[in-house]
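Trainee: I have the model open and would like to check some of the labels put on it. Can we go through them one at a time?

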Amino acid sequence: MHTFCANPSIFVFTKIKTNMPNTISGFSKLTKSEKIEWLLDSYFTEKENARTLVERYWNSDEKLQKLHDEFIENTITNYYLPLGVAPNFLINDTFYAIPMAIEESSVVAAASKASKFWLERGGFKAKVISTEKIGQVHFTYKGDFNKLKAFFKHVKPKLISDTASMTKSMERRGGGILNIKLRNKSEDLPNYYQLHATFETMDAMGANFINTCLEQFATTFKSEALQFEDFNDEEKHLSIVMSILSNYVPNCLVRAEVSCKIEDLKSKDIPNPGEFAQKFKQAIDIAKIEPYRAVTHNKGIMNGIDAVVLATGNDFRAVEAGVHAYAAKDGKYTSLTHCSVENDNFKFWIEIPLALGTVGGLTSIHPLVKFALQMLQKPTAKDLMKIVAVAGLAQNFGAVKSLTTTGIQEGHMKMHLMNILNQFEATDIEKSELIKHFKTNVVSHSSVVDAIENLRK
């Protein structure tokens, strides 16, 4: 038995050898140093090396480190991702340098190359189509649906009035509750119904606002049902299952596009623009009808989107879920981007749902998020939707252009070369020699390993 005393006045943690090794009760109550000590004791043989690594990533500014410690639970250190910049984006006649937080080689380079390509051809155009967000109260009801419809009509004004104190601030900024509908889903699941509510949250992503309103809807709906005279006893006791926003926002849409004369596509790696335009369109058409290709195609789009979403303190998991659901909205998973080649014109565009915010959450407290938003000239939520959509379109253009011309590995592996060299702890002199070597040789993991070994011999 091993006894660990975090603070004798509060509690004592005892580690007991059982059939479930390395388990712990009360981990969240330990201090950060105590959490690290337990992890080192439980999972690491070279404890001091592991401790040094964890502490090396702490910020030397104690106040800033405390801020990071309090973003999530059970924090032990910081996990770094590179923050890169893709410059020269011309969007609706305004120039942007776009911040991108991502670990994958060649993403920032591809976005930058695409921005420069389209800078010389009029830049990107983007517009927000709609900004409606959705939340639902899920409940079960056993009884006459006509009675439920009558009850909903009766209670709807009170659902709105009971949330007045919660929506007052949002309404001052032009947002609030747009509508509430009753939905009968009992054919899909017995006795299942929804209150389907739509919201406008302006520059906030709005998750907390929406969820707070929904929970009040549920409370009011349930209590008022008990008083509704037309319900029998069973009908009065409808059951609230849960109240939660939806990350599927098909009516929170943004469109971004590029276009030019086909002949204007001509460049160093596009000697025959007509042939390129047709081949590019074929690649997009393949992604439209072939899900195996569409998934990888859309993943490339999300390389650009997620990187900007993360850099600006937004929820990239929510964006991913909503975007991929949208890609399958017609019953088959398909490309998020589209291409037309008509009347000597080339057009490439994307239309996607993006629920983003520029106030609240990390946008107000994370120093680098504030830095990124300043870099983007303090955008509104609508501005950010346009910028993010453009980043996804640029990323996809760069990827498909490479695939249909030089092939994707040539550029990607050259960007990945440095990662391989760092993996083998190459010195600056070795890096210089090997970078020079691979300017005229194909980069692959095995070829880099061979080159390093030969150099070191």
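Trainee: Which residue in β12 is the bridge partner of K261?

Mentor: N345 is the bridge partner of K261. Keep in mind that this is a predicted model.

Trainee: What makes β10 and β12 a strand pair?

Mentor: Two strands need at least two bridges between them to pair. Nine bridges join β10 (residues 253-261) to β12 (residues 345-353). That meets the rule, and the two strands run antiparallel.

Trainee: Why are β5 and β11 said to stand at the edges?

Mentor: The strand order is β5-β10-β12-β11, in an open sheet with antiparallel pairing. β5 (125-128) and β11 (337-342) each have a single partner strand, so one side of each has no neighbour in the sheet. Neighbouring strands are turned by 15° against each other on average, direction ignored.

Trainee: Which helices pack on this sheet, and what do they touch?

Mentor: Helix α9 (residues 273-289) touches β11 and β12. Its direction makes about 140° with that of β11. Helix α11 (residues 316-327) touches β10 and β12, and its direction makes about 120° with that of β12.

Trainee: Why is R121 called buried?

Mentor: Buried means under 20% relative accessible area. R121 has 13%, so R121 is buried. R121 lies in the loop between α4 (107-119) and β5. Beyond its neighbours within four places in sequence, R121 contacts S259, C260, D264, L265, K266 and S267.

Trainee: What makes R121 a charge over the ring of F117?

Mentor: CZ of Arg must be within 6 Å of the ring centre and within 35 degrees of the ring normal. The charged end of R121 sits over the F117 ring, 3.7 Å from its centre. The backbone oxygen of F117 also lies 2.6 Å from a polar atom of the R121 side chain. K32 lies over the face of W58, at 4.3 Å from the ring centre.

Trainee: Why is the pair of Y141 and Y193 called edge-to-face?

Mentor: Centres must lie within 6.5 Å, and planes over 60 degrees apart count as edge-to-face. Here the centres are 5.8 Å apart and the planes at 80°, so the pair is edge-to-face. Y141 and Y193 are 52 residues apart, and the pair links distant parts of the chain. Both are buried.

Trainee: How do you know what kind of pair F228 and F231 form?

Mentor: The distance is 4.9 Å centre to centre, with 70° between the planes, and the pair is edge-to-face. Both F228 and F231 are buried. One aromatic cluster includes Y141, Y193, F228 and F231.

How values were computed. Residues are numbered from 1 along each chain as its sequence is written. Side-chain values use heavy atoms; hydrogens and water are left out. Helices (H or I, at least four residues) and strands (E, at least two) are DSSP runs, numbered from the N terminus. Axes are lines fitted to C-alpha atoms, for helices over the stretch in contact, and angles run from 0 to 180 degrees between N-to-C directions. Contact means heavy atoms within 4.5 Å. Buried means under 20% relative accessible area, exposed over 50%, partly exposed in between (1.4 Å probe, protein chains only). A polar contact is a pair of N or O atoms within 3.5 Å; within protein, one must be able to donate a hydrogen and the other to accept it, and residues adjacent in sequence count only if both atoms are side-chain atoms. Rings of Phe, Tyr and Trp (its six-membered ring) pair if their centres lie within 6.5 Å; planes under 30 degrees apart count as stacked, over 60 as edge-to-face and the rest as tilted.
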